[in-house]
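I opened this notebook to keep track of what I looked up. The entries follow the order in which I checked things.

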Amino acid sequence: SMDIQLSGIGMTSARTRDRLVQRLRDAGIQDERILDTIRNTPRHLFIEEALAHQAYDDTALPIGHGQTISQPWVVARMTELLMAGDRRRKILEIGTGCGYQTAVLAPYCDELYSVERIRPLQDQARKRLLRLGLAKVQLKHADGGFGWKSEAPFDGILAACARADIPRELLDQLADGGRLVMPVGDDRKQILTVVDRDGDEFHRQSLDAVRFVPFQRGVMR
Ligand code: SAH
């Protein structure tokens, strides 16, 4: 039944999920609410059935079109960084992919906007998010390098793809007091970067070494 699929059995069971949560806690994730969200989000439903037995391993996995579902630690870390401090009401995500990070972010904001450049990935993500009751998420097929101007400003912006430079448009679309979290670097070496906006000033912190797929230009049908 639907319930069994959502809660999982065997390799997708509560015990398997608890093991992942403990691993994330050991790896420095401190926010218990976010750990709960990770435990309760059925990651196995965001990947192909053939890979479901790896759904609660702390690794990135292929989702087709040369893209990956982010590693759970990275999803937890970026969520923790984005949500630290002030409450963030309106959030923009760049790189919906399979929709897993989107589902983890959803409980922490009132409005969630997510942009993906590969159409078939977005179509699948839309179905999954609806199934999980996350109809409030607004999805757009576009190049996220331009942000989502008509909905700006955002209290938080999270990009799940890496680029050597932070797009100017994304910084412009950050609200005063807002925060951007994004991997910055080339395809070999990237650093998880946080930018806080204070009026016309942007304060930048370079944190963990990470590995993401590239932030690409244009869209794909
Ligand atoms: N958070 C996603 C990560 C997917 S990988 C998940 O958990 O599944 C990063 C995604 O960013 C890919 O789907 C890729 O197509 C997308 N992407 C890369 N460049 C982009 C751009 N310029 N605009 C929008 N999406 C982009």
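Are Y113 and F154 buried or exposed? I looked them up, and both Y113 and F154 are buried. I use buried for under 20% relative accessible area, exposed for over 50%, and partly exposed for in between, with a 1.4 Å probe and protein chains only.

Notes on the source. This is a predicted model, in which local features need pLDDT of at least 70 and side-chain atom pairs count only at pLDDT 80 or more, while totals for chains, interfaces and linings use all residues. Residues are numbered from 1 along each chain as its sequence is written, and side-chain values use heavy atoms, with hydrogens and water left out.

Entry on aromatic pairs. I found three aromatic pairs in the structure. Rings of Phe, Tyr and Trp (its six-membered ring) pair if their centres lie within 6.5 Å; planes under 30 degrees apart count as stacked, over 60 as edge-to-face and the rest as tilted. F46 and Y100 make an edge-to-face pair, with 5.7 Å from centre to centre and 70° between the planes. F46 is in the loop between α3 (32-40) and β1 (61-64) and Y100 is in helix α5 (residues 100-105), so this pair ties together parts 54 residues apart in sequence. Helices (H or I, at least four residues) and strands (E, at least two) are DSSP runs, numbered from the N terminus. F46 is buried at a relative accessible area of 1%, and Y100 is buried at 2%.

Y113 and F154 also pair edge-to-face, at 5.8 Å centre to centre and 65° between the planes. Y113 belongs to strand β4 (residues 111-116) and F154 to strand β6 (residues 154-159), so I noted a link between distant parts of the chain, 41 residues apart. Ring pairs join Y113, W148 and F154 into a cluster.

Entry on charges over rings. I count a charge as over a ring if NZ of Lys or CZ of Arg is within 6 Å of the ring centre and within 35 degrees of the ring normal. The charged end of R43 sits over the ring of Y100, 5.4 Å from its centre. R163 lies over the face of F215, 5.2 Å from the ring centre.

Entry on cysteines. How many disulfides does the structure hold? I found zero disulfides, taking a disulfide as a pair of cysteine sulfur atoms within 2.5 Å. For C109, the closest cysteine sulfur is in C98, 17 Å away, which is too far for a bond. For C161, the closest is also in C98, at 13 Å, again too far for a bond. C109 is buried at 3% relative accessible area, and C161 counts as buried at 10%.

Entry on the ligand. I listed 26 residues around the ligand, the closest being C98, E116, D143, G144 and Q216; a residue counts if one of its heavy atoms lies within 4 Å. A ligand oxygen is 2.6 Å from an N or O atom in the side chain of E116. A ligand oxygen is 3.4 Å from a polar backbone atom of S70, and a ligand nitrogen is 3.4 Å from a polar backbone atom of R117. The protein covers 100% of the 580 Å² of accessible area that the ligand has on its own, by the Shrake-Rupley method with a 1.4 Å probe.Last entry. V213 is in the segment after β9 (201-210).

Technical notes:
Polar contact = N/O pair within 3.5 Å; in protein donor to acceptor, adjacent residues only side chain to side chain.
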